[in-house]
Amino acid sequence: MRLVLRGGRLIDPTARRDAPGEVLIVDGEVAAVGAKVDAAGAQVIAVDGAWVVPGFVDLHSVVRDERDVDAALRGGFTTVVAVPGTEPLQTDRLTLLEASPLTQHLAGDELGEVADDAVCLSQGFKPLARSGVLRRALQYSESRGKLIMVHAEDPSLAGNGVIGAGLTATRLGLPSVPVAAEAAVIARDLLILEETGGRLHFAHVTTERAVELIAAAKKRGLQVSADVTPHHLTLDTRAAEGYSLTARVWPPLRSETDVAALRAGLRDGTIDALACDHVRVGVLDREHPFEACAPGCEAFEQALPAVAKCALEPSRLVEVLSSAPARLLGLRTGLTPGLAAAITVVDPNAWSIRGSVIGARHTFPAGVVT
Amino acid sequence: MSDARHLLGIEGLPRETLEQLLSRAHQYREGHVGGRHLVGRVVANVFYEPSTRTRSSFEVAAASLGAHVLNWTVSGSSASKGETLVDTAKNIAALGVSIIVVRHQSSGAAALVARSVHCSVVNAGDGQHEHPSQALLDAYTLWRRWGSLEGRRVAIVGDILHSRVARSNLHCLKALGAEVVFCGPPTMLPGGLASLGVEVTTELDVALDGADAVMMLRIQRERQSDALFPSAAEYHRRWGLTNERAAALKSDAVVLHPGPVNRGLELSPEVADGQRSLILEQVENGVAVRKAVLEAVS
């Protein structure tokens with residue numbers, strides 16, 4: 001099967017490519033990339049000016065069933081790392097990768113056994129209360145070079161909080177989470193990283209203080225990285241007005257200032273990547289008062305619009321959604337001949353997804369393909 | 001009321017609405033109206049938290065307006081079987097209830113019930129958010145005493161962080177022209193208070209200086225997962241209304257407490273029973289205020 005994407009702007013930060021051109025995919029593999037490719041006998045998809053980019057890669061989300069797969073595809077994702085502890089779904093419509101639990105049952109006590117095919121080690125949404133466990137994990141992982149993904153939360157500071165501390169929390173009478181619940185753990189973990197080596201990644205950072213701490217650590221040459229979610233880039237605590245469940249996410253939403261700092265951090269590279277934390281919450285888990293509802297939001301389709309609000313250069317925009325998370329996981333992706341096809345086509349006017357190609361499949365509507 | 005069908009909170013209510021409720025309460029209190037406005041209606045008390053006085057007060061108010069009162073107790077009902085709040089609310093409304101009076105341990109619960117049903121909803125306390133009928137009865141008690149709250153200084157002392165009474169009173173007192181000062185241990189003062197237009201201090205003597213009324217909040221031992229102060233004795237020493245502090249108040253200053261009082265903790269027994277105390281009058285006024293509230297939403 002031969003497929004050609006024609007008339008697009010090819011943006012691939014890894015290959016330092018940003019030019020008009022075509023991509024030829026043969027039997028699910030990128031076969032040729034250039035101004036003009038051999039389209040003989042191929043189905044042609046005319047993308048008329050849209051961006052043709054390496055498929056988006058998500059570092060942590062919960063994919064429970066086909067509805068989540070659909071949402072990921074609609075959001076432009078071709079690869080998703082499942083949060084450990086969730087039942088892995090079998091699908092060939094999306095590349096679903098596994099993260100190995102950093103600690104056994106994510107309890108934070110003993111190191112988890114590392115699956116050979118795991119792309120990283122992750123603590124999911126669970127805190128690592130015992131510093132010694134992180135130290136051991138970093139020491140142990142150093143030999144294998146796998147990314148260690150942590151969720152920065154001090155449970156004794158977070159308490160039963162459901163939203164970032166501040167005026168909105170006070171007015172609404174919602175239990176709140178101080179900034180230090182995140183920042184203190186990041187500071188601690190960076191001090192440990194400095195002694196041990198290893199590659200440490202902070203999932204879903206939310207505060208200005210976190211951005212500052214990570215920027216300083218990078219400046220000192222530590223192997224640290226971080227990501228931010230679409231909701232933390234676009235919503236602040238005021239979204240909880242009227243107890244709107246839009247704001248019921250974990251980690252909690254923060255202030256306007258924090259949102260601005262996260263956007264700036266994504267621009268200047270302090271924050272490496274976007275990651276979704278897509279969690280589809282069941283209807284029954286939403287029929288309770290705010291604090292009693294299960295947290296989570298359907299984030300796959302919010303990713304591109306959220307990043308579009310951050311005033312990034314086109315190649316940086318593609319990088320944070322695609323090449324940067326791929327690099328953190330050690331995946332080879334891109335518009336490069338010989339690689340399995342994982343390509344997303346972005347409409348930069350509407351900030352929507354036209355479709356994607358994953359291996360021998362694609363999601364373009366019938367009329368577009370000739 | 002922004003949505004006259006419900007009373008979910010005081011925040012955002014215009015002064016006229018509050019004054020209408022107070023003057024209607026006054027008519028009930030003074031026996032100027034007998035009104036049996038709720039004859040043939042059903043008022044459901046749905047209490048997810050233990051409460052004797054608020055529930056009884058609503059029950060007496062509803063009954064004296066002629067309503068049938070349904071007390072939906074949570075233990076032994078489907079709430080303990082994992083039914084969602086929305087489901088429970090819809091089931092109660094389906095019985096033909098006109099007004100649901102709801103008390104719940106989570107902030108926003110009353111608003112959620114109001115969104116889920118077609119009948120009226122009165123918030124009888126939701127988590128740490130609001131307790132509007134309590135604020136109205138406090139305001140009425142002061143208004144009855146003074147004629148106006150304009151320019152009066154009211155000190156609210158205690159666990160501001162966890163107190164829905166403090167939040168509702170702040171909005172109510174400010175809307176009626178009073179000046180509010182919050183006082184309590186630093187661990188019980190949440191962030192962002194200053195931007196709500198309230199004076200905040202950890203020094204009780206500063207709060208009491210010039211106060212026309214002192215509202216002592218109940219220390220909710222059952223709501224504290226962690227101890228927010230070292231000991232009851234220390235709390236009483238620093239934030240309790242002792243006999244000495246009460247004696248130093250302005251001569252006509254009054255003392256309120258939403259009850260039940262932890263005697264010897266928030267205030268000394270002598271102050272609770274003393275000349276300045278309006279605590280029993282608050283309870284008495286509560287019925288009249290709740291009659292006005294039930295009538296207004298019906």
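1. In strand β15 of chain A (residues 273-274), A:Leu274 is the bridge partner of A:Val228. Strands here are DSSP runs of E with at least two residues, helices are runs of H or I with at least four, and both are numbered from the N terminus. The model is predicted: local features need pLDDT of at least 70, side-chain atom pairs count only at pLDDT 80 or more, and totals for chains, interfaces and linings use all residues. Residues are numbered from 1 along each chain as its sequence is written, while chains are lettered from A and ligands numbered from 1 in the order in which they are written.

2. β14(A) and β15(A) run parallel and are joined by two bridges; two strands pair if DSSP finds at least two bridges between them. β14(A) also pairs with β13(A) (residues 199-202), in the parallel sense, over three bridges. In that pairing, A:Ser225 stands opposite A:His201.

3. Together with helix α6 (residues 208-219), β13(A) and β14(A) make a right-handed β-α-β unit. Right-handed means that, with the strands pointing away from the viewer, the path from the first strand over the helix to the second runs clockwise.

4. Is β14(A) buried or exposed? Five of the five residues in this strand (residues 224-228) are buried, so β14(A) is largely enclosed by the rest of the structure. A residue is buried if 20 or more other C-beta atoms, placed from the backbone, lie within 10 Å of its own. In a regular strand, side chains alternate between the two faces of the sheet. Here both faces are covered: A:Val224, A:Ala226 and A:Val228 lie on one side, A:Ser225 and A:Asp227 on the other.

5. Chain A as a whole has 10 helices and 18 strands. Of its 370 residues, 54% count as buried. Along its principal axes, the C-alpha trace spans about 65 × 50 × 35 Å.

6. The largest nonpolar core holds 213 residues, and B:Ile100, B:Ala155, B:Val157 and B:Val214 touch the most other members. Such a core is a set of buried Ala, Val, Leu, Ile, Met, Phe, Trp, Tyr and Cys residues joined through C-beta atoms within 7 Å. Helix α11 of chain B (residues 279-297) gives the largest share, nine residues.

Methods: Buried ≥ 20, exposed ≤ 12 C-beta atoms within 10 Å, placed from the backbone.
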